Structure formats: C-alpha cells, structure tokens
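Here is a short report on one protein chain. Have the sequence and the model open while reading.

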Amino acid sequence: MSTPPRPHRRGFFAGLRASFLTGLVVVAPAVLTIWLITAVVEFVDSRVIPLIPRETLRRFLPENLAHMDLISLPGIGLVIALLFTLIVGFFAKGFIGRSLIQWGEDLVSRMPVVRSIYNALKQIAETVFAQSSTSFNRACLVEYPRPGLWAVAFVSTDTKGEIAQKIGSEKLISVFLPTTPNPTSGFLLFVPEKDVIALDMSIEDAAKLIISAGLVAPDPAKPGQVTRKKRDEIS
C-alpha cells in the first residue's frame, strides 16, 4: 500500500516573503496617503504663508492667540487657502462676481496657449466637482465595442434635438464612456434605453473601478446609492 504524498511545506524564506508582501499591501497605501497629504499641505503652506504679513494675521486674532506664532504651524496656509476659496465661491454667486468671472474668461479666450490650458482644466473641474443637474445621473453598463462585451459608462441625459430625430423613434440615452485609466477622456454614445443596464454602485465607485482598471471593485454587500425606483427611471 503506497503512502500518500506529504503536503508541500513552504520554506522559511518563502514564509518571510509572503509576510513581507502582506505587510506591504497594508503599509504602502497608508504611507502613500500620509505622504501625499503632507506634500499637499507643505506645498500650499509654502505658497500662501509668504503672502501674509505676520502683523496682519495677528491683528485679526484674539488677544490670547496673538502672541503665538501660528504662521509656523503646519497646515495654517492650507486653512487660509480653503477659507479664501470659500469666500471666492460665495462672491462668484453674485451678479458682480459672475460679471468679473465672465470678463476674465473673455480676456483669457484671447490668449492662444493660456486659453487651451484654462478650458481643459475648467472642464475637468466642472466634471469632478459639479453638483448641479449637469452632472452624471448614475453608472450603467453598455455593450461596447461589440455585442457580448460590456463596459462601465455614465448616464448623462435623454438624447434630444436633431440627433434623436434623425436616428429614429426609439428612445435614446446619452451615455459617456470613459477610458482607462484617465476617465476625463472617452466617447459620447447614444444608446437605446432598452440596451442600458443601470448599476446600483455610486458614480464614485464606478470611477474608482475605471481608474484602477478593475483592480478596485466596489463592495457588493455595500448598499448602493441608487434606489430601485431611480434605477428604473433611467431618464
């Protein structure tokens, strides 16, 4: 009677290698996140702090904080930059602010190189930070580039105007199909509503899935941010 083969035992160095790789998976994201946040804070501080005279800042502080050198604190420049951005946002909502912004954009539109850079960055910012009805409705699946292959896309709105009239009477959905790993570029598709499969995952989770080339998948146990009623109403 032959004896069963003994299970293969991993060597000592193989176990160390596996432990190191496991630790690397845990440590690397945390270290990179801390490094990125620190780099952003230090960069903003180095640009904002030299613009603010110390005496001017102390003049607006309470008496119990006026003697402290708050300018040397890490992150104070980032806080000031965030407050400045908030003030600009409030100001931009008014008539005078909108008029000044329009005047500035008209001025930039006359500069050949600056115009291209500004328009590209503005489109990216509006796509990422838009909170109005012009932002994407939800994530979906469409067959692309051929039947049987599926791609993650974003529902924009119902197809209207000349395109809807020229294609036919079937209801169409305007869909943006982003590329990987840069979701700011992609294709605009006009897909029949019956061929669009709505997803329960949020737009943020779908963007992570696209940027990571499928490596970062949303948790299926996590409740989606699209209700069944809203999912059925693809428009």
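At what angle do the axes of helix α1 and helix α4 cross? The model is predicted, and in it these axes cross at roughly 75°. They come within 7 Å. Angles of 65 to 115 degrees count as roughly perpendicular, so α1 and α4 are roughly perpendicular to each other.

The residues in this contact are known by name. From α1 come Val41, Val44, Asp45 and Val48. They meet Ile76, Gly77, Leu78, Ile80 and Ala81 in α4. By class, the contact has seven nonpolar, one polar and one charged residues.

Next, the sheet. Five strands form an open sheet with antiparallel pairing, in the order β4-β3-β2-β1-β5. β4 and β5 stand at the edges with a single partner strand each, so one side of each is left without a neighbour in the sheet. β3 and β4 pair over seven bridges in the antiparallel sense. Within this pair, valine 175 is opposite leucine 189 of β4. Helix α8 packs on the sheet and touches β1, β2 and β3. The direction of α8 makes about 140° with that of β2.

| Strand | Residues |
|---|---|
| β1 | 138-143 |
| β2 | 150-158 |
| β3 | 172-178 |
| β4 | 186-192 |
| β5 | 197-198 |

How far does the confidence go? The protein chain averages a pLDDT of 75, and 74% of the residues score at least 70. Over residues 225-235 the pLDDT is below 50. This stretch still has 20 contacts in the model beyond near neighbours in sequence. Where pLDDT is low, predicted coordinates should not be read in detail.

Note on methods: Residues numbered from 1 in each chain as written. Predicted model: local features only at pLDDT ≥ 70, side-chain atom pairs only at ≥ 80, totals over all residues. Heavy atoms only, no water. Pairing = 2+ DSSP bridges. Helix = DSSP H or I, 4+ residues; strand = E, 2+ residues; numbered from the N terminus. Contact = heavy atoms within 4.5 Å. Axes fitted to C-alpha atoms, helices over the stretch in contact; angles between N-to-C directions. Parallel < 35°, antiparallel > 145°, perpendicular 65-115°, else oblique. Nonpolar A, V, L, I, M, F, W, Y, C, P; charged D, E, K, R; others polar. pLDDT = per-residue confidence, 0-100.
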